[in-house]
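Please walk me through this model in the viewer, one selection at a time. I would like to know what to pick and what is found there.

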Amino acid sequence: QMLVSIRYRLEAMIADFGSGGDKVRGHAEQASETIVAAIAEVRRISHDMRPLVLDDMGLAAALQSLAEEFPLSIKVDVDDNAARFSADVETAIYRVAQEALSNVKRHADAEHITLGLQCEDDWVTLEVRDDGCGITNLEQSARDTGLGLRNMRERVDFLGGFFDVTSSKNKGTRLIVRLPIGAQEMAS
């Protein structure tokens, strides 16, 4: 977030220069390009990292811990059949849950939040539901939210899964992720 803030300040400086100060403007544009590259690299690194809590406790317990650390009360409903999954599936589910809860905290003004994990056949399903203000323009939000919805969708797509968000104004938001239990990210 700090890098994004620096980027926006540099872009504002560039816009303020107008036609004067070409040399300074050039340096600011180069700095802005470097910041954009740094943001992309940090996003790539954070995407690839596996939280240690998954190795220590497994996905079900890690989600419970995530909910307990959250500043709002969360009802956690984890299927008794939730066993260990591939590292890629566990990481994707955990990171999507983490980002979804972060979005709830920042934007939803919710009173009730439910975090569910269900296993059926060869699929694991994550559901995050809140009763907040909803997302007024879901398509615009998906385009504009940096690591938010777009990053969650990319994580799921890499593993051949299903990602869906539904939302209604003042009725909350529901995020569903379904992943094949044994999915592995394709080698890049």
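Buried means under 20% relative accessible area, exposed over 50%, and partly exposed in between. The model is predicted.

Start with Arg-174, which at a relative accessible area of 33% is partly exposed. Glu-127 is itself partly exposed, at 22%.

Now select Arg-129. Its closest N and O atoms to Glu-127 are 2.5 Å apart, in another salt bridge. Arg-129 has a relative accessible area of 39%, so it counts as partly exposed. Together, Glu-127, Arg-129 and Arg-174 make a salt-bridge network.

Three salt bridges are found in the whole structure. One of them pairs Arg-106 with Glu-99, at 3.7 Å from N to O. Here Arg-106 is partly exposed, at 44%, whereas Glu-99 is buried, at 18%.

Next, show helix α4 (residues 59-69) with helix α5 (residues 87-108), whose axes come within 10 Å and cross at roughly 15 degrees. The two helices are therefore roughly parallel, and their crossing is right-handed. On α4, select Leu-59, Ala-62, Leu-63 and Leu-66; on α5, the contact residues include Ile-93, Tyr-94 and Leu-101. By class, this contact has eight nonpolar residues, one polar and one charged.

Finish at helix α7 (residues 149-158), where Leu-149, Asn-151, Met-152, Arg-155 and Val-156 are the buried residues. After α7 comes Gly-160, with a positive phi near 70 degrees.

Notes. Residues are numbered from 1 along each chain as its sequence is written. This is a predicted model: local features need pLDDT of at least 70, side-chain atom pairs count only at pLDDT 80 or more; totals for chains, interfaces and linings use all residues. Side-chain values use heavy atoms; hydrogens and water are left out. Buried means under 20% relative accessible area, exposed over 50%, partly exposed in between (1.4 Å probe, protein chains only). Helices (H or I, at least four residues) and strands (E, at least two) are DSSP runs, numbered from the N terminus. Axes are lines fitted to C-alpha atoms, for helices over the stretch in contact, and angles run from 0 to 180 degrees between N-to-C directions. Angles under 35 degrees count as roughly parallel, over 145 as roughly antiparallel, 65 to 115 as roughly perpendicular and the rest as oblique. A crossing is left-handed if the near helix is turned anticlockwise from the far one by less than a right angle, and right-handed if clockwise. Contact means heavy atoms within 4.5 Å. Ala, Val, Leu, Ile, Met, Phe, Trp, Tyr, Cys and Pro count as nonpolar, Asp, Glu, Lys and Arg as charged, and the others, Gly among them, as polar. A salt bridge is a side-chain nitrogen of Lys or Arg within 4 Å of a carboxyl oxygen of Asp or Glu.
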